[in-house]
Amino acid sequence: MNIPMKLGGFAVVLAVVFGGAVAVGNATGSWVPRTERVEHNAHGATSATSTSALAASGAADAPLASSDSEPATTMADTSPTGLTATDSGYTFLPEATSLPSGENVGVTFRIMGLDGRPVTKYETTHDKDLHLIAVRRDMAGFQHGHPNLEASGVWHTQLDLSPGPWRLFADFKPAGADDLTLGTDVSVADDYHPQPLPAPSKTTTVDDYTVTLTGDLSAGNSSKLTLSVSRGGAPVTDLQPYLAAYGHLVVLRSDDLAYLHVHPEGAPGDGVTKPGPDVTFYATTPSTGTYRMFLDFQHNGVVRTAEFTATATDFRPSPTEATPPPTAGAQPGGHH
């Protein structure tokens, strides 16, 4: 995905978005998706409308609004990303929108193309043809996975799913087309106990690693964010490349899970970028408010995820902070 990152918007009402999905499935084979309605706002309460529903009914230009928060302010001039299951003629179509809770739950889906058939050819971005991000609506659960693709265009993966409403994001680049992020909702069975969002903090821990954040989100502007990894009080200077980078960062807006792409500064093997302790990113948030940040990094053969809560203000950074420098050997596009 290209800088600046694109995001905005709300959850998908799958029954409306996929009102024609059965016909598509029948036209392309015997596989027919289940279309249970999954209607909830950012924190799991029921809701009757969504941006996706408006888009499916031809009202895609309707203004975005959150059902449980004040309208976002200081909006950037960017198009939504990951807010609907359909964009640019491509559709993220899960086999089921109601899933059991537990470990290694099977998840199957297709990406339907412009011709109404499953997409079977993709361009690799950061070592993978598709990145699947799964996050529970209260953001107490997060997973970044890489499903397996059948020749027929069916994707398969397994996720550890706790009860409650979840948002799935498919981040990919169809062959010959632009990068896309499509989002869809699924409901996971059993009693849901939403957790409060942790307070904003510049430091977090995962296992015996400490990750420190330097920099602040700035609404409508590119912000430089540096995440420093240490272990036992000592800086980690031998981070391992993971998906062609030393770190991958996903940022989600708390009220509606609007999806933000961020890009790291430098790349492994470019002769400049060091393998830690610092991993630097440039991020542009579309509005003021609270965001959740998920950093994937690899050390000693294990990928870990550090999580932060951060607040985007209306502060405007200096020109040197606002524009990332050119990066030699960086891989364009894709999820970071």
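Guide: Let us begin with strand E11, residues 203-206, whose covered face carries Thr204 and Val206, while Thr203 and Thr205 make up the uncovered face. Please keep in mind that this is a predicted model.

Visitor: How do you know that E11 and E12 pair, and in which sense?

Guide: Two strands pair if there are at least two bridges between them, and E11 and strand E12 (residues 209-214) have 4 bridges, in the antiparallel sense. Within this pairing, Thr205 has Thr210 of E12 as its bridge partner. The two strands form a hairpin with 2 residues between them, and Asp207 in the turn has a positive phi of about 55°.

Visitor: How many aromatic pairs does the ring rule give?

Guide: The count is 7 aromatic pairs. In one of them, the ring centres of Tyr122 and Trp155 lie 5.2 Å apart with their planes at 75°, so, with within 6.5 Å required for a pair and over 60 degrees for this class, the pair is edge-to-face.

Visitor: What makes this pair a tie between parts that are apart in sequence?

Guide: Tyr122 sits in the loop between strand E4 (102-112) and strand E5 (130-136), whereas Trp155 belongs to strand E8 (residues 154-161), so the pair ties together parts that are 33 residues apart in sequence.

Visitor: Why is the pair of Phe142 and Phe294 called stacked?

Guide: The centres of these two rings are 4.1 Å apart and their planes stand at 5°, which is under the 30 degrees that the class asks for, so the pair is stacked. Phe142 lies in strand E6 (residues 142-145) and Phe294 in strand E19 (residues 289-299), 152 residues apart, and the pair thus links distant parts of the chain. Both Phe142 and Phe294 are buried. Elsewhere, ring pairs link Phe92, Phe109, Tyr122, Trp155 and Phe172 into a cluster.

Visitor: Which strands make up the open sheet, and in what order?

Guide: The open sheet has 5 strands in the order E3-E10-E9-E5-E6, with mixed pairing.

Visitor: What makes E3 and E6 stand at the edges?

Guide: Strand E3 (98-99) and E6 each have a single partner strand, so one side of each is left without a neighbour in the sheet. For E6, 4 bridges join E5 to it in an antiparallel run, and Leu132 stands opposite Gly145 in E6.

Notes: Residues numbered from 1 in each chain as written. Predicted model: local features only at pLDDT ≥ 70, side-chain atom pairs only at ≥ 80, totals over all residues. Heavy atoms only, no water. Buried < 20%, exposed > 50% of the residue type's maximum accessible area, 1.4 Å probe, protein only. Phe/Tyr/Trp six-rings, centres within 6.5 Å; stacked < 30°, edge-to-face > 60°.
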